[in-house]
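User: Could you take me through the domain arrangement of this model?

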2 protein chains.
Amino acid sequence: MTTCKAFGACEAHADLTPMHIERRALREHDVAIDIDYCGICHSDAHAVHNDWGTTVYPCVPGHEIVGRVSAVGAHVTRYKPGDRVAVGCLVDSCQACPSCEGGQEQNCAKGPTATYNGKDRHTGETTLGGYSERIVVREQFVLRVPDALDVRYAGPLLCAGITVWTPLRRYGVGEGSKIAVVGLGGLGHMAVKLAVALGAEVTVITTSASKADDARALGASDVLLSKDPKAMQAAANRFDFILDTIPTRHNVNPYLMLLGRNGVLVLVGALEPLEAVHGALLVINNRSIAGSLIGGLPATQELLDFCAEHNVLPDCEIVDVHEINTAFTRMQANDVKYRFVIDMATLHDVKTD
Amino acid sequence: MTTCKAFGACEAHADLTPMHIERRALREHDVAIDIDYCGICHSDAHAVHNDWGTTVYPCVPGHEIVGRVSAVGAHVTRYKPGDRVAVGCLVDSCQACPSCEGGQEQNCAKGPTATYNGKDRHTGETTLGGYSERIVVREQFVLRVPDALDVRYAGPLLCAGITVWTPLRRYGVGEGSKIAVVGLGGLGHMAVKLAVALGAEVTVITTSASKADDARALGASDVLLSKDPKAMQAAANRFDFILDTIPTRHNVNPYLMLLGRNGVLVLVGALEPLEAVHGALLVINNRSIAGSLIGGLPATQELLDFCAEHNVLPDCEIVDVHEINTAFTRMQANDVKYRFVIDMATLHDVKTD
């Protein structure tokens, strides 16, 4: 065991405070990582606040982790000290079920181990995340950060990025695709950039006319205001694919109408009951609503490599570690374009008890 | 124009009565058909009752038509008098849009022409269906009935059959598939037979324990009672594909839970708002809800050929034409296993005004 500095919450709705945490000694297949940057994800706030009723305290969030290898276990073959690496939402899984064997570890039949607030498969201890100096992770769950990728901005690819990348790839979005992205936040802005880089024609659907310029700056060729019934009517049957990033209960029927034959609307944000879906909107045109959960390890590595090759990066605001609580408040007020990343080097000067 | 006998309704909720109707003179690409059998579909009752508010009277229903060619237009190449043929839910479409070119005429961008209560693309007149002696149909919308197929039972393949065949084929159901069929009526019983013939392992999900024996007799290997919470819990994540034939508003969440990774639930019956779908049930396991509308001409021909080859036929009760109104009443009370077919030869003796 080794001790390191971290920021975490000791109870629901409390501010994040500096603390010392223990990291496990290296197992044979483990990689120890010095963390340089960690993105701030909406789910970090949900976990800290215990919105899902499953948080174990103290809770150290953070699953958009970028750093350098400091040491490796005896049987590690893929990494060596000094390598630039990343860790996303998962740090372990059964590695034996069809999902794991198919590189879909997020759907592990026995449940994957989350990077924080998960349960270590060996010790049963609660996992602690990336708002910390160091982390120790099983080799299979460590990703390689290509040299061409700017490490300061890579963090949000590990959650926001892979969450939208998985359905874009699953449904073959690319040259010739006409797609729409609903919502222009952390996930939505990544979806626009990635889909444009894949060659798709991208429309942003938003309630807010003020976001039109931003959407076009990100690469969208069109903007559709969901509150404009005439514009929505005129766009009926227009899209092959819609990525719906709205994170709360909402009405998907107006978006379903925009899908052409065999069109698919993919939910990535709303983890609660939707307003009543109209069956006829699915039956007509053989439309679908699908859900998608983050992504597996191979897809995440593919995403990092794609972003390095195509120079696609999230728009981030980099904050010092002492600004975490302010960043949480601003994130929850949608006051960020589009993602916060913590510069973990600033943790070195923080005093802990 | 030629006159023929038919059964139709003159106003909403009235009984079907004998009447004379006009059939158009043969156009160059038309096939004239003497009708031998016509299946009774639930949508016939909805149309006659004007449940959807779109019925034009007099309404002659019937879109599960089996008969023989009596004459062909000058440019018809595929059929000759005496050929055994069938007509389903569609009698025309634009034949130029991507859906039509892809053999998905039911999703024609300009709207397909329904076999009854549709609008003729040339004359604008309301189309009249198969509860009649004869029909005249554009060659492209006429199907060939293989010799090996029992014409008495072929009718319901044209609507009930193709409605379930399309999603079974779209989602690759076959050897190794574990599927469930929800509801054991006209559509459900066909889905069980077809999926079993395709090699799938089929479970029937029903509210009624009394249907278990029937389900097994149709080929189902298992029966799951949706009102048994323990059995439903034990079946979590079990299926690759669920065909949901429930024709009214209902709660799909208990069925979604039964789908494994990338599993799909296909709605074919519910043309109304569903109870609130829980987004998390879609996101976890990357599940989908899709809709599916009847099927295109190539798929319908494939189905007829498959059923002839594999000796798959709907379970039908054959009725005389003067029993139509009783059959409607019984059908709406679910008092039929599983589909009525009208023997149109009995129409010859009916007196009309």
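**Domain arrangement**

Analyst: Chain A is divided into domain 1 (2-159 + 295-347) and domain 2 (161-291), with bounds from an automatic or database domain assignment. This is a predicted model: local features need pLDDT of at least 70, side-chain atom pairs count only at pLDDT 80 or more, and totals for chains, interfaces and linings use all residues. Residues are numbered from 1 along each chain as its sequence is written, and side-chain values use heavy atoms, without hydrogens and water.

User: How many residues does the contact take from domain 1 of chain A and from domain 2 of chain A?

Analyst: Domain 1 of chain A gives 19 residues and domain 2 of chain A gives 18 residues, where contact means heavy atoms within 4.5 Å.

User: What area is buried between domain 1 of chain A and domain 2 of chain A?

Analyst: About 1600 Å², with carbon and sulfur atoms giving 62%; buried area is the accessible area (1.4 Å probe) that two parts lose on being put together, summed over both.

User: How many salt bridges are there between them?

Analyst: The count between domain 1 of chain A and domain 2 of chain A is three, a salt bridge being a side-chain nitrogen of Lys or Arg within 4 Å of a carboxyl oxygen of Asp or Glu. The side chains of Glu302(A) and Arg169(A) meet in a salt bridge at 2.9 Å, N to O.

User: Changing topic, what does the C-alpha trace of chain A span along its principal axes?

Analyst: The C-alpha trace of chain A spans about 60 × 40 × 40 Å.

Definitions and conventions. Chains lettered and ligands numbered in written order.
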